[in-house]
Amino acid sequence: MFYIRRYFHSGISSVRFDLNPILSQIFKYSTPLKMLGFEGGRLLHHICRCLENLDRLTDGQAELDGELEADRGDGCAAVRLAVRPKSGPYTGGRFIFKVKLSLSNPRNAPEIKCLNKIYHPNIDPTDDDTNVCLSLIEEWQPNFGLDDVVQGLLYLLHNPNLADPLSPYFDPDMDEAEFQSNVQRSLLGQQVEGCFFDASVMQSDDQPRGKRSRPTEDLLQTLMPDNV
């Protein structure tokens, strides 16, 4: 597995690759796209293009959160996405999702995990594996991609389904007023239903909308040179 990050030292950017010994030798003579084979490279190309247009596709509500992982062994690539809904009960929050896509078989639905301890009826923070209930996964088609996943996550945050909760902290009979109050407390990291949730409210100095995130820009420059 390799991780691609960009670090800044005294204003000068540098790229560091943390590679296992075998992939380290391969990487010297090949790009990550070639390492993953034709099908894997094509899907990874799609992922990078989606990340490039993420701000436009989501009206500034999603961005790459720092790293992309690709594993030749299991033929998968994973991205971490920061999702920041502008409407709905979770307005003002910032939530991190890890999306793992199959590079070798696009027919396989992605694995999605919310990395925040979030108070949401369709996300189970007690599950250490995939913990997001999203109808898109059950209906997955080979022509679906990362952009569909992002739109699905935004829809889930804008329109939580109280009638069919996955999270153990929800009663199907909870009324809307109680739910809204609980969400607001949870976003501030306060106690809800006897449990504390991660404070997820964005800071006032968060990056203004309309500029591509630094991690996204760095990833694209690293993986997607102009001639690709």
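Me: How much accessible surface does the protein chain have, and what share of it belongs to carbon and sulfur atoms?
Reply: In this predicted model, the accessible surface of the protein chain comes to about 11800 Å². Carbon and sulfur atoms account for 48% of that surface.

Me: Why is S186 called buried?
Reply: Buried means under 20% relative accessible area. S186 has 3% relative accessibility, so it counts as buried. You can find S186 in helix α7, which runs over residues 176–187.

Me: What makes V183 and S186 a polar contact?
Reply: The pair of N or O atoms has to be within 3.5 Å. Here the backbone oxygen of V183 lies 2.7 Å from a polar atom of the S186 side chain. Beyond its neighbours within four places in sequence, S186 is in contact with Y119, V192, F197, D198 and A199.

Me: How do you know that the span of α7 agrees with its number of residues?
Reply: With 1.5 Å a residue, the twelve residues of α7 should span 16 Å, and the end C-alpha atoms are 17 Å apart, which agrees.

Me: Which residues of α7 are buried, and where around the axis do they lie?
Reply: The buried ones are F179, N182, V183, S186 and L187. They cover an arc of only 130° around the axis, so they sit on the same side of α7. An α-helix has 3.6 residues a turn, so residues three or four places apart point the same way.

Me: What covers the buried residues of α7?
Reply: The cover includes strands β5 (95–102) and β7 (191–192).

Methods: Residues numbered from 1 in each chain as written. Predicted model: local features only at pLDDT ≥ 70, side-chain atom pairs only at ≥ 80, totals over all residues. Heavy atoms only, no water. Areas by Shrake-Rupley, 256 points an atom, 1.4 Å probe, with all protein chains shown as cover. Helix = DSSP H or I, 4+ residues; strand = E, 2+ residues; numbered from the N terminus. Buried < 20%, exposed > 50% of the residue type's maximum accessible area, 1.4 Å probe, protein only. Polar contact = N/O pair within 3.5 Å; in protein donor to acceptor, adjacent residues only side chain to side chain. Contact = heavy atoms within 4.5 Å. Expected span 1.5 Å × (residues − 1). Arc of directions from axis to C-beta.
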